[in-house]
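Thanks for making the time, everyone.

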Amino acid sequence: MKYKNIQIIMLLLITCSFGACKKELNVYPTTSEVDGNVIVDAKSASTVLNGVYYRFANAGVDYNNVPTVKWSGVNESVPSELSGMLTNSSGDDGILSFTFNSKTSEVSDEWSYGYNLVNAANGFLKNVDPVTSIPAATKKQMEAEALFLRAFANEQLLLYFGQYNDPASKYGIILRDQVVSTSNINQPRATVAATYTSILGDLNTAIAGLPSLNTQIYYTNSWTAKLLEAQVLINRGASGDYAQVIALTNDIITNGPFSLETNVKDVFWTKGFASNEVMLGVQPYATETYKYLNNQFYIQYPVSDSLISFLQNDPRNKWVYQIANSPYYGPLPEFTKYYSGDPVNVNQTTLSEYCYAFRLTEAYLLQAEAITLSGGNLAQAKTLLKTVEGHAGITDFTDVDNASTAAALQVLVVKEEMKNFVGENGQDWFALRRLPFATMQTLQPAIKTATTLIFPIPNTEITTNGQVIQNPGYSN
Amino acid sequence: MKFYAFIKAMLEAWLPPKLLLVMKLTTLLLIIALVQVSAKGYSQKINLNVRNAPLEKVFQIIEKQTGYVFFYDDNLVQHVTVSLQIKDGKIEDILNTYFKDLALSFNIIDQKNIVVKSKEESVLTKLAKYFTPATGIKGKVTDEKGKPLPGVTIIDKRTKIGVITDRDGGYIIQANREDVLAFSFIGYKTKEVKLEEKFTTGVYDGSNLLVNVSLEVNTSDLDQVVVVGYGTTQRKDLTGAVSTINTKDIEDVPFTTIDNALAGKAAGVQVTKTDGSPGGAVRIRIRGSSSFLGGNDPLYIIDGVPLQVQSNYINPGYDVGSPVGNDVTGAGGVNAGLSTSFVNGLNALGGLNIDDIESITILKDASSTAIYGSKAANGVVIITTKRGKKDMKPQIFASYYTTVSTPITPKVLNGDQYRTLLTEAAQNDYDARTAAGLPIPANVNAILNSPSTFFGTANTNWIKEVTRNTVSNNAEVSIQGGGNSSKYFSSISYNTTPGVVDGTDYQRVSGKINLENDISSKFRFITNLIIGYTNQDIGDGAYGQAIKARPDFAPRDALGNYTDFSSVGASYQGFQNPAALVSATNNAKTVSLLGSISALYDITKDLQFKSTGSLNLQQYNQRNYTPSYVAIGTYNGNASTGGIGSNSNSTTTSWVIENTLTYTKKINDKNSLNVVAGQSYETDKYSYFSATGEGYPNDNVLTSLSSAITPLIVKGDNPTSPQNYLLSFYLRANYTYLDKYLFTFTGRSDASSKFGPNNKTGYFPSGAIAWRISKENFLKDVKWIDDIKLRGSYGLTGNQNIGNQMYRTLYSPYSYAGSSALIPTQLGNQSIKWESSREADGGLDISLFNGRLQATADYYNKQDNDALLSLPVAPSSSYASVLSNAVGIKNTGVEVSLDGDIIRTKDFKWNASVNVTWNNSVVTKLPPTADLGQLGDLTGLEYGNTTLVKGQPLGLITGMKVVGIIKNQAQLDAYKAKLSPFWAQYLQPTLGIGDPMFDLDPTTKFPNMSEVIGHAAPKYYGGITQGFTYKNFDLQFYFTFSQGGKLLWGDHIASEEFSGTANANVSMLNRYTPSNTNTDEPRLLLGDALLYKSNLDLFNSSYLKLRTLTFNYHFNNSVWMTRAGMKNVTLFASATNLFTITKYPGNDPETSDDPYSVTGGYFDVSNYPTTRTYSIGIKAGF
């Protein structure tokens, strides 16, 4: 070979590797997608949107790495321990006794749940935005779904961590409307007012873009968005809010496609998502056992004495809990709201893992409560309450009929919300907090001070994000 | 100049330096007297550097340099050529030393004329010649590479008649059958040939007997060629810290893998075999650890193909319980039986046969490693394998050895001891509980009240039950040779090593092919292939179970089923029948291929171009089946229904295309230059597939995946293109001035796909200076000094051995409601950059007494300030952490190695060498919030049990600190007063005399569970070799040692107190009792003692181990060998692990739980026993 040939080969070799490398040094992964490229069409958009629902369901894996929806971990047991409806067979976990602090794991879980959902929603919104190949109507609906889910997350965060009942407060939540990158991780808290503005803004857009019914009941719809708005407003309780709650819930009850289940027990024990009462469900994995193991196998969260007394003379005392022998703790009132099988010799049932985020019952009760709070027509509220209780199998409405003041009736409505939504979606706890503080304490004596009505900001957030201030009454 | 003659003549035995000084004068006088010149001598210095130069020309050079004039007959010097390398030589020495083998005599006349004559034949010679009928002996003399050597002197030792080879290396001489011919040539070793033997085989060329001879180059250690990055150099020209390993020392020792054979062989290289599993993994660190996430194994370059060590183990999604693992971590539910066995049992270098290796070089400092830039921070091990030889008839080498292996096992309680101690533990607990008014647990009642039903009747030695003595075999054949323009080497070896634990086996077939072709005088082509296949049955921790198995249980019950062990402890403690575990299938097969094709072109005499394409391929196949009667561990207890099994495979492919230009130029006498510039392009691809299923119809036949009824896990990735790329440019320049001042500059730029757009490229410069102080005027005349060299280097190396795509924000696929879902799972940090180590090295190389004593010392300081670690970020980001260059680690150390021939006589030689390394790795930067859970922890035993603390060395073990044993009521009361009442009342109500007192947390007054209880890293370590050669016998002792380290002996934790009712080590016999109060071990308290690792379980792991003892006998050439066609035969025997001097009470102080971990590796988890082996073998050349 000639010297020249060699030179040419060398040059070729070197230039080839140079030219090829720009692209190769930027090689993309094969087992994951890169932010910015993740949505290219309607199909990939729906996959990413499904990922937002994944966060909504708090999906993950159990201790054995089996894919599992862990909605129950953040939205069933914790709020119902706070409301005093459920207890913990392992003893005080800090939630039961209201002695939680910024390092309590349940507190961090609640915080992470909300922000996981927010960032997933923001990721969808950012990535779908530039994609033009998706039909406009489809894109609008998908964006509406993501906005609904973001509003839900922010509502949860506000209700658990913010001074939600004081619109003038500076203790709102960290509002994130951009996808997280290393440059925007650390953000301060927004005011409560700004938080409400953001949530309601998202909801208004969502309501406009959502269909009356989605393809599946575990995907959201406009009625659920309206019910969420009603939830948000009744907790804010600012002027005009209650009227709006009444209007929204009235709209849902009269114009929505949903109807109350004849007996509410059937929703949980036999029908599941087939029940027309379910407005938004959380779909479990076929192979998961998490909720069943917690509730039945370990009897981890038995019902409290207080719920047992609430359910005296209530047909629900036959199925919401049943006495069973725990191998570890002896006889316990096992929480069997989702479990239709033998409470002693337990075996998983079809519906034991199902979770329910929104049910029509809530619209009735929120309206009844809003009427009592806004000085409305108590008879109308009583009818709503009786309708709900009737569907629970109650026939004796003496105490409802006897409630002569708005305050007394509100207590009854709230008690029904606590019974109805125990271990379900946190509405038992949020309803309890809407009572005057003293009344609240009589129903849940574990509450000692008003500052513990909201959680502290988790310690890791304070230490890593220098811009966040702690809630009053808590140390970092 | 050097006085070889002086050394050879006078220094047959070791002489003290003082005596040497005295003798120096005498010798000088002698030499002067011998030289036939006036005593004045000549001051002119002669410098010569010629190769195969005509003698006439050499005379001319000398004439020019000295003014001497040679007088000679042209015929006399015609065809005589010489190779000489002389610096500042004197004429008399040249004539007497270098020219003495020529058949010429030199007489210096009048201090300016030299008369050259033929050496005169003596009268006797003439007579002998006259009377003896001689045969013509004819042949050709060549060098090692087969090139003809003109000018070789051939002298018949009897007649003293000599001839000289012609231009083509040919000669002809008359000699008798009983004569011996001596072939000598300057720069080559003299070779003697007994003609008797040649006459027997009798190959004739016409009437002349044909005797061809090849001469070996006579090089001193300083001229020894050392392989370095992208080239070779001579030892004397090295500027960096480089160790070489004599491959002769590691041949034919049953170490199986090369990394294992490196232990104690080179300073600065720490090698720990993780356990005794055959062919298993080795923990190897060169100058400590430098990365948290990136792995700390050195980069291996095998025949130019880079290989980064990693474990091929694919987690099948389940594991089996590991009782010792539970004890080590202090937590139940540790299921690491399978993972520990695989991580320790697989070795990425397993496909390479040690006996194929030609040379091993270990590059340690930044100057020598920087040419490998981004992969070099952990040091580089360059391995070159054997190649063919030019103009060499095919030579076959065969070797075979067989090895007997026996396990070295610990002593555990026998049936009677077990019954006694368990009863004592139950009685103590009964008493303590009665005193505290507590109910009596069922098992305590059962042991005390119905021992006959509680205890089994057997007396099983479980260790014996699952271990065995084995015989293994190793056979290999290689063929080497070459013609005029091509050469070849190929080999194949087969090794089968049944493991000393039942159900474990190791088999390997490994081979290589090397072909080199000269297409033209300037163009060469080299093909090299190394292929390895290993087939391993790895096991799942049966041995670890055996040391805990109840001796009163028989292996099988009355029905012939494996005895159920579920009553031994809670399900999360994972006790199982060891015999049942042995019946599981846990197989791994690895095919590895290292192949390369290179083209070399000599553009000019000084400039060479080389282009290489190479492939490193690893094909791994893993099969697991755990029968239905073996419990697999999960959080909720046994989850296996009807057996569980998996099939996994993976393929790792790395391609490298490399082009280098090498320029070597001796500009003039004073300046020489060597420059290597190159470019490389590298890609890596990893594909894998793994499926796990459960529910099998039976446990013996239908155990393949297709028989499973429930699929559990399916995972895999098989990308079409590589997942990462590396594009590099590099340059190294060596400049030597006066052969005295040496300078090296190395630079490399690496662009990697692993980093963000602004940080893809890393630059790794380094420089080194060396000063051969012995070449200075004030030392160069000191004759016993061969070389003294001072070295200094500084440079930057990198590490990119981290995951791909770490800089991007990623979405990962999951599913929700039966549809795919994409979730943001990784927050990318675009600003992450290369981890870089700054290393300074200062070294000293000394060679004295003609290479009889050699010493090297180095000090190094290696600082890594920007190692990668994920640090926690605000959880409101929805991410837990983000990767950043946030941590630092520093290694400082001193390495010393000495090598000397203590005795060197003709028949007897005693060589000794020793090397020691003091290394200290300190964490210099580590945010306290960092979650150490992300560090490599393949076996799952490190996290939470070791820790890293800023300012502290690596190897911290955490646990409880026992301050003493409570020996009387006063101590008990005092301890209770300090202890939190809650603890005393609820957590340890049975606290009493004989229990340990723990160091308490000042705020909670609870015993502190995670104190740093020990610094486990050794202070220094190294190796000692003692070699003896007597005539045909070689004997070599090879010791390794380690001093100042600590090991956490896992089995001791549950041998302080019973874990469940499992068995314990005999160390339990030393427990506290009222009659044995002078002990560190607490009393036995069944079920109520705190079973947690503490400083009581931490033991000094210093040791001195006779790692191998080898013995060789080389047969003299004899008739039977000739008849069998053998050229040489050696018998050899070796033994490993003959004895260990240590205070460590466990099984073996040289052990590690995880070869890859940065934080740990200092747990003795009793996964596999160490073995002692005895081998015997034979090696023959045909």
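In this predicted model, helix H6(A) is largely enclosed by the rest of the structure, because 20 of its 26 residues are buried, buried here being under 20% relative accessible area. From its first C-alpha to its last, H6(A) reaches 37 Å, which is close to the 38 Å expected at 1.5 Å a residue.

Let me turn to the nonpolar cores. The largest has 152 residues, and the members that touch the most other members are Phe56(A), Phe124(A), Phe148(A) and Tyr816(B). The helix that gives the most to this core is H6 of chain A, residues 136-161, with 14 residues. There is also a second, separate core of 50 residues, which includes Ala263(B), Ile314(B), Tyr318(B) and Phe342(B).

Which residues does Tyr816(B) touch, leaving aside those up to four places away in sequence? Its contacts include Tyr53(A), Tyr54(A), Val69(A), Tyr218(A), Val282(A) and Tyr285(A) in chain A, as well as Ala821(B) in chain B.

Finally, a word on Gly1060(B), which lies in the loop between helix H21 (1050-1053) and strand S52 (1098-1100) of chain B. Gly1060(B) counts as partly exposed because its relative accessibility is 25%. Residues up to four places away in sequence not being counted, Gly1060(B) touches Val568(B), Gly569(B), Gln573(B) and Leu1086(B). Between the C-alpha atoms of Gly1060(B) and Ile788(B), which are 272 residues apart along the chain, the separation is 64 Å.

Key
Residues numbered from 1 in each chain as written. Chains lettered and ligands numbered in written order. Predicted model: local features only at pLDDT ≥ 70, side-chain atom pairs only at ≥ 80, totals over all residues. Heavy atoms only, no water. Helix = DSSP H or I, 4+ residues; strand = E, 2+ residues; numbered from the N terminus. Buried < 20%, exposed > 50% of the residue type's maximum accessible area, 1.4 Å probe, protein only. Contact = heavy atoms within 4.5 Å. Core = buried A, V, L, I, M, F, W, Y, C linked by side-chain atoms within 4.5 Å. Expected span 1.5 Å × (residues − 1).
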